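Trainee: I should like to go through the reasoning behind the terms applied to this model. Could we take them one at a time?

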Amino acid sequence: MLKSGIVDQLAMESLARTPFTQLANLTGTPAISLPLSWSEQGLPVGVQFGAPHGDEGRLLQLAAQLEEAAPWYNRYESLWDRGIGKV
């Protein structure tokens, strides 16, 4: 498979779809993306954090602390009201 280039092709296709999550996906390490900023259009801008293997709790704790410091849960309702995110 290596000589045929299939592995390289699969990797490139995967990178094209999800270029910023590859490290966590390939290594199996926990990662989380949190909406820590907002664009001028009111859309969330995410920041991805990673943790060592088996340390999902650290990411959940970080998410809870950031949510408490700068709540974002109420921002999503306005996105749905404006029709953004509807399929």
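Trainee: What makes up the largest nonpolar core?

Mentor: In this predicted model, the largest nonpolar core consists of seven residues: Ile32, Leu34, Trp38, Ala51, Leu59, Ala63 and Trp72. The set is called a nonpolar core because such residues are buried and joined through side-chain atoms within 4.5 Å. Strand E1 (31-38) and helix H3 (56-69) each supply at least two of its residues, and E1 gives the most, with three.

Trainee: Why are E1 and E2 said to pair?

Mentor: Pairing requires at least two bridges, and E1 and strand E2 (residues 44-50) have seven, in the antiparallel sense, so the two strands pair. Trp38 stands opposite Pro44 in E2. Five residues lie between the strands of this hairpin, where Gly42 takes a positive phi near 85 degrees.

Trainee: How do you know that the length of H3 agrees with its number of residues?

Mentor: At 1.5 Å a residue, the 14 residues of H3 should span 20 Å; the C-alpha atoms at its ends are 20 Å apart, and therefore the two values agree.

Trainee: Which residues of H3 are buried, and why are they said to line one face?

Mentor: They are Leu59, Ala63 and Glu67. Viewed down the axis of H3, the buried residues fall within an arc of 70 degrees, so they line one face of the helix. An α-helix has 3.6 residues a turn, so residues three or four places apart point the same way.

Conventions. Residues are numbered from 1 along each chain as its sequence is written. This is a predicted model: local features need pLDDT of at least 70, side-chain atom pairs count only at pLDDT 80 or more; totals for chains, interfaces and linings use all residues. Side-chain values use heavy atoms; hydrogens and water are left out. Buried means under 20% relative accessible area, exposed over 50%, partly exposed in between (1.4 Å probe, protein chains only). Helices (H or I, at least four residues) and strands (E, at least two) are DSSP runs, numbered from the N terminus. The expected span of a helix is 1.5 Å times one less than its number of residues. The arc is that of the directions from the helix axis to the C-beta atoms.
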